[in-house]
Amino acid sequence: MLLSSLLFLLQPMGPSFAVSYTVNSRADSVLDDSSCTLREAIFAANDNAQNTNCGSGSNADDTIHFAPGVVGTITLVLTLPTVAPAGKLAIDGGGNITISGGNSHGVMWVDTGADLTVQNLTIANGNAAADNGGGINNDGTLAVTNSTLSGNGGGIYSNATLTVTNTTFSGNRADSGGGIYNGGTLTVINSTFSGNGAGSGGGIYNSSGAATLKNTIVAGSTEGGDCINSQGSVSGNHNLIEDAGSACGLSTGNIIGSDPLLGTLTGSAAYVPLSSGSPAIDAGDNLTCAAAPVGNQSQNGITRPKDGDGNGSAICDIGSYEAPLAASPTHTPTPAATATSTPTVTTSTETPTPTPPPATATYTPSPTETPTPTPPPPTATHSPFPAETPTATPPPPTATH
């Protein structure tokens, strides 16, 4: 009996092994049926299962993923259950799931002491009573990677520990910190803030917290400036902040005051591409991209780094997007000339035929001619004609005295 009692005391009070919950429905309900909804899966991961649809409750490190046929938008009827400190929890949307607050409810809340990782997920249209943290309100440890926060009343409101990687914040609006409000410890790496707005800090508002930004774009804020540091500290390098007047005090080692030439929100989870010629292309830090949690990945699925500007050096881009390898100029070979029947026109200029050097006289003996014999003078013969009598020359006259 003593041994049995000791063994009973040593047994854990609940499951301590990791559990993987599979959501097979886009409904937002808690019903005792065959469907495992996201709400029911979070209850189970909090070790507070409401039924057996998703499995038993767990106080270990758990994951929630979605069945292959479950894609699209889950529209909430209430804010999801607060993530409790019952082991670490990871929610992986697979890039095909949007959780929407329907502009009526906040989407997620992380409790003090809880640890949540959100990845490959879109959180949209969350509403918060104080117009902050409509997407996620964090009081614990929160990591967001390869995800999108869009159209929320404040993307993330954090007073604890927050790490953001390869993530896009677009079109969020809050009183302070349209994309992120930080009152704790914030690390943002290879992420993009575009088109957010707030009374102060359209992209990021840092209040009495410590923020570190690396390889991150903050641009195109509709109001409140891109990045505002109130009472805390902001450090970082290889960032691009478009509004030079609200750059959280960052300067050397960053690109301040330049337009990143962002494209249109696309993809799932959505990202903002870099247009050709963007100063963010090949302007990041390779060591930061190689290290965890980036791990040379990008939100658009291209492994970093690539030679996006075609200058022969592969350097990772600033922001969540990695531009593909720049195309090499296409060389079209000139076809070889093919002989045709068209006559070649010859100009009047002729190439003179070189005059051969004078021939060296070569003595070729002529054949010896047989001399024609000279006939002997004719022998006088008697002419049948009568000989002429020469006329006598008269003597010169004799002078007469």
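Student: Among contacts in the chain between residues at least 6 apart in sequence, what percentage join residues at least 24 apart?
Tutor: Keep in mind that this is a predicted model. Its chain has 3 helices and 28 strands. For contacts between residues at least 6 apart, the share that join residues at least 24 apart is 57%.

Student: Is N138 buried or exposed?
Tutor: Start with where N138 sits: strand β9, residues 136-138. Its relative accessible area comes out at 0%. The cut-off for buried is under 20%, so N138 counts as buried.

Student: Which residue's backbone oxygen does the side chain of N138 reach?
Tutor: Leave aside the neighbours within four places in sequence, and the contacts of N138 include V110, Y157 and T161. One of these supplies the backbone oxygen, and the distance from the N138 side chain is 3.1 Å. That residue is T161.

Student: How are the rings of Y181 and Y205 arranged: stacked or edge-to-face?
Tutor: The whole structure holds 4 aromatic pairs. For Y181 and Y205, the ring centres are 5.7 Å apart and the planes meet at 20 degrees. Planes under 30 degrees apart count as stacked, so this pair is stacked.

Student: Which strands do Y181 and Y205 belong to?
Tutor: Both residues are buried. They lie 24 residues apart, so to speak, in distant parts of the chain that the pair links. Y181 is in strand β16 and Y205 in strand β20.

Conventions:
Residues numbered from 1 in each chain as written. Predicted model: local features only at pLDDT ≥ 70, side-chain atom pairs only at ≥ 80, totals over all residues. Heavy atoms only, no water. Helix = DSSP H or I, 4+ residues; strand = E, 2+ residues; numbered from the N terminus. Buried < 20%, exposed > 50% of the residue type's maximum accessible area, 1.4 Å probe, protein only. Polar contact = N/O pair within 3.5 Å; in protein donor to acceptor, adjacent residues only side chain to side chain. Contact = heavy atoms within 4.5 Å. Phe/Tyr/Trp six-rings, centres within 6.5 Å; stacked < 30°, edge-to-face > 60°.
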